[in-house]
Amino acid sequence: MASYTGDRTIDGISVLVDGKPLSPHYDQLRLTEHGFEWSYEGPEPAQLAFALLYDHLHDAAAAKALHESFMRRVVANFDNEWELSSADLDEAVAVLRSGQTA
């Protein structure tokens, strides 16, 4: 089970999966060249949402279909420090696919 963490400090932003930097997966979808951010809108939070979903699902089509809703419903609620498990991502994806509000 993977563990995803994010940390925003005066030195910048760090997003890790199991202690290693999370790839933005630009080879699958490039929304920005400016890395990650977490917020409710914009290309950097959208890239983070896509990268988290793609890394977890290993399915570019599914990650592309879900990333905007995931950004608004999950990424927008991140604090300066956050952590998600694979189980958290499974739950969020299930809610998004069912059309429920989170």
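Which residue in β4 stands opposite S3?

Guide: S3 stands opposite S85 in β4. The model is predicted, so local features need pLDDT of at least 70 and side-chain atom pairs count only at pLDDT 80 or more, while totals for chains, interfaces and linings use all residues. Residues are numbered from 1 along each chain as its sequence is written, and side-chain values use heavy atoms, with hydrogens and water left out.

Helices and strands here are DSSP runs numbered from the N terminus (helices H or I, at least four residues; strands E, at least two). Two strands pair if DSSP finds at least two bridges between them. The sheet is open and has four strands in the order β3-β2-β1-β4, with antiparallel pairing. β3 (20-21) and β4 are the edge strands; each has a single partner strand, so one side of each lacks a neighbour in the sheet.

Strand β1 covers residues 3-9 and is joined to β2 by six bridges, the two running antiparallel. Among the β2 bridge partners, V15 belongs to G6 and L16 to T5. The hairpin from β1 to β2 passes through two residues. To β4, β1 is joined by five bridges, again antiparallel.

Y4 is also found in β1. Its relative accessible area is 1%, so Y4 is buried (buried means under 20% relative accessible area, exposed over 50%, partly exposed in between, with a 1.4 Å probe and protein chains only). Leaving aside neighbours within four places in sequence, Y4 is in contact (heavy atoms within 4.5 Å) with L16, V17, L22, L52, D55, H56, W82, E83, L84 and L89.

Axes are lines fitted to C-alpha atoms, for helices over the stretch in contact, and angles run from 0 to 180 degrees between N-to-C directions. α3 also packs with α1, at an angle of about 105° and with their axes 11 Å apart. The two helices are therefore roughly perpendicular (65 to 115 degrees; under 35 counts as roughly parallel, over 145 as roughly antiparallel, the rest as oblique). α1 contributes L52, L53, H56 and L57 to this contact, and α3 contributes S86, L89, D90, V93 and R97. By class, five residues are nonpolar, two polar and two charged (Ala, Val, Leu, Ile, Met, Phe, Trp, Tyr, Cys and Pro count as nonpolar, Asp, Glu, Lys and Arg as charged, the others, Gly among them, as polar).

A nonpolar core is a set of buried Ala, Val, Leu, Ile, Met, Phe, Trp, Tyr and Cys residues joined through side-chain atoms within 4.5 Å. The largest one has 30 residues, and L48, L52 and F70 have the most contacts inside it. At least two residues each come from β2 (12-17), α1 (43-57), α2 (60-73), β4 (81-85) and α3 (86-98). α1 gives the largest share, eight residues. Beyond its neighbours within four places in sequence, L48 is in contact with V15, L22, F36, E37, W38, V75, F78 and W82.
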